[in-house]
Amino acid sequence: MRCAKIIFLILTSAVLLALPASAQDGKALYRNNCKVCHDKGSLHKQYAPMTLTQAQWRKFYSAKLAASHATVVHPNTGKKLFESLTPEQMKAIQRFCIDHAADSEAPATCG
Ligand code: HEC
């Protein structure tokens, strides 16, 4: 029994370690930096990865985000959104949205 437990633990850690860092971070980053303003009933409308298609998300990140969020301030930290996130973190959020868009294999509401 004990041995089975240890093998189980080793296997789960191996699976977690095998996930690319961005796949783990994207969801948490989205929750903490996007969902805070785009949850159900939000003034700024509800947006989850599955609200848009992959093409719409790509367009949003390449053409709209910078302009529509330039003056956006994070409600919890009081800092500008773009100053609270590194370019790598923004990339991880973008990945998460595209990987879980409406027309992806695993559409996500993000809780
Ligand atoms: C401080 C609140 C706030 C945060 C944080 C925030 N947004 Fe927004 N978002 C807005 C506002 C304000 C608009 C402008 C349009 C509106 O009010 O309908 C907007 C618009 C949008 C739109 C609609 C398209 C557009 O460009 O107008 C999308 C999609 C979107 N946000 C996604 C995101 C994503 C993804 C994140 C995280 C990286 C995020 N938002 C973080 C406030 C926020």
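The largest share of the shell around the ligand, five residues, comes from helix α2. Helices here are DSSP runs of H or I, at least four residues, numbered from the N terminus; strands are runs of E, at least two.

A word on the source. This is a predicted model, where local features need pLDDT of at least 70, side-chain atom pairs count only at pLDDT 80 or more, and totals for chains, interfaces and linings use all residues. Residues are numbered from 1 along each chain as its sequence is written.

Back to the ligand. 18 residues surround it, and the closest are Cys34, Cys37, His44, Lys64 and Ser68. The elements that give two or more residues to the shell are α2 and α3, and α3 covers 54-68. By type, the shell holds 10 nonpolar, six polar and two charged residues. Nonpolar means Ala, Val, Leu, Ile, Met, Phe, Trp, Tyr, Cys and Pro; charged means Asp, Glu, Lys and Arg; the others, Gly among them, are polar.

Now the fold. The chain has five helices and zero strands. From the N terminus the order is α-α-α-α-α.

How far can we trust it? Confidence is given as pLDDT, the predictor's score for each residue, from 0 to 100. The chain has a mean of 87, and 77% of its residues reach 70 or more. Helix α1, residues 2-18, is lowest, at a mean of 57, while α3 is highest, at 97. Where pLDDT is low, the predicted coordinates should not be read in detail.

Next, the inside. Buried means 20 or more other C-beta atoms within 10 Å of a residue's own, exposed means 12 or fewer, and partly exposed lies in between, with C-beta atoms placed from the backbone. Of the 111 residues in the chain, 16% are buried.

Which elements give two or more residues to the largest nonpolar core? First, the core itself: 12 residues, among them Leu29, Tyr30, Cys34, Trp57, Phe96 and Cys110. The elements asked about are α2 (21-38) and α5 (87-99). Helix α5 supplies the largest share, five residues. A nonpolar core is a set of buried Ala, Val, Leu, Ile, Met, Phe, Trp, Tyr and Cys residues joined through C-beta atoms within 7 Å.

Stay with α5. It has 13 residues and reaches 18 Å from its first C-alpha to its last, close to the 18 Å expected at 1.5 Å a residue. That expected span is 1.5 Å times one less than the number of residues. The buried residues of α5 are Ala92, Ile93, Gln94, Phe96, Cys97 and Ile98.

Contacts next: two residues are in contact if their C-beta atoms, placed from the backbone, lie within 7 Å. Cys97 touches Pro49 and Trp57, not counting residues up to four places away in sequence. Among contacts in the chain with a separation of 6 or more, 73% join residues 24 or more positions apart.

Last, three exposed residues. Asp103 sits in the segment after α5. Asp103 counts as exposed because it has 11 C-beta neighbours inside 10 Å. Leaving aside neighbours within four places in sequence, Asp103 is in contact with Thr53 and Gln54. Ala55 is in helix α3. It too is exposed, with 11 other C-beta atoms within 10 Å.

And Lys45? It lies in the loop between α2 and α3. Lys45 is not a glycine, yet has a positive phi of about 75 degrees. With 9 other C-beta atoms within 10 Å, Lys45 is exposed.

Definitions and conventions:
Near = placed C-beta within 6 Å.
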